[in-house]
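Subject: Structure handover

Hello,

Please find the structure below, with the sequence. My notes on it follow.

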Amino acid sequence: QAQLVESGGGLVQAGGSLRLSCAASGSLFRINAMGWYRQAPGKQRELVATITSGGNTDYADSVKGRFTISRDNGKNTVYLQMNTLKPEDTAVYYCNADIRILFGPTRPYWGQGTQVTVSS
């Protein structure tokens, strides 16, 4: 099996910055695309940013120019640098990764979520 563990959430004022981290562990064979999603109260979970194993990135329009996704393949970790945060960025942020485990199939895994709260 594989596990994703997020860290770095918290409370920040509008205009501030936070950096989220998500580390994969377990019986890993290969990690393909990794990404961040978020879910605000009363709303559906939405894509924030994704990054392929080769480093190609994609962003939701609402975060382009403010958020940066990156990954360290040697550490099996994906990061989300969030700058110029707005109150509407408040949500639980979830890490996602397509992982192939040893002697097993490739499937998506999710982290437990980390709360990001932006005060106005």
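The largest pocket is lined by Arg-38, Ala-40, Lys-43, Gln-44, Glu-46, Ser-62, Arg-66, Lys-86, Glu-88, Asp-89, Thr-90 and Ala-91. A pocket here is an open set of points, on a 1 Å grid over the protein atoms alone, where a 1.4 Å probe fits, with protein on both sides within 12 Å along at least five of seven lines; lining residues have an atom within 4 Å of a point. By type, the lining splits into 7 charged, 3 polar and 2 nonpolar residues, where Asp, Glu, Lys and Arg count as charged, Ala, Val, Leu, Ile, Met, Phe, Trp, Tyr, Cys and Pro as nonpolar, and the others, Gly among them, as polar. The space in this pocket is about 190 Å³, taken as the volume filled by probe spheres set on the points, which are joined across faces, edges and corners.

This is a predicted model, in which local features need pLDDT of at least 70 and side-chain atom pairs count only at pLDDT 80 or more, while totals for chains, interfaces and linings use all residues. Residues are numbered from 1 along each chain as its sequence is written, and side-chain values use heavy atoms, without hydrogens or water.

One of the lining residues is Asp-89, in the loop between E8 and E9 (strands, E, are DSSP runs of at least two residues, numbered from the N terminus). Asp-89 has a relative accessible area of 0%, so it counts as buried (buried is under 20%, exposed over 50%, partly exposed in between, with a 1.4 Å probe and protein chains only). Its side chain makes a polar contact of 2.8 Å with the side chain of Arg-66 (a pair of N or O atoms within 3.5 Å, one able to donate a hydrogen and the other to accept it; residues adjacent in sequence count only if both atoms are side-chain atoms).

The largest nonpolar core has 32 residues, of which Trp-36, Leu-80, Met-82, Tyr-93 and Ile-99 touch the most other members. Such a core is a set of buried Ala, Val, Leu, Ile, Met, Phe, Trp, Tyr and Cys residues joined through side-chain atoms within 4.5 Å. E9 gives the largest share, 6 residues. Beyond four places in sequence, Leu-80 has contacts that include Trp-36, Val-48, Phe-67 and Tyr-93 (heavy atoms within 4.5 Å).

Asn-76, between E7 and E8, is partly exposed at 26%.

Regards

Technical notes. Helix = DSSP H or I, 4+ residues; strand = E, 2+ residues; numbered from the N terminus.
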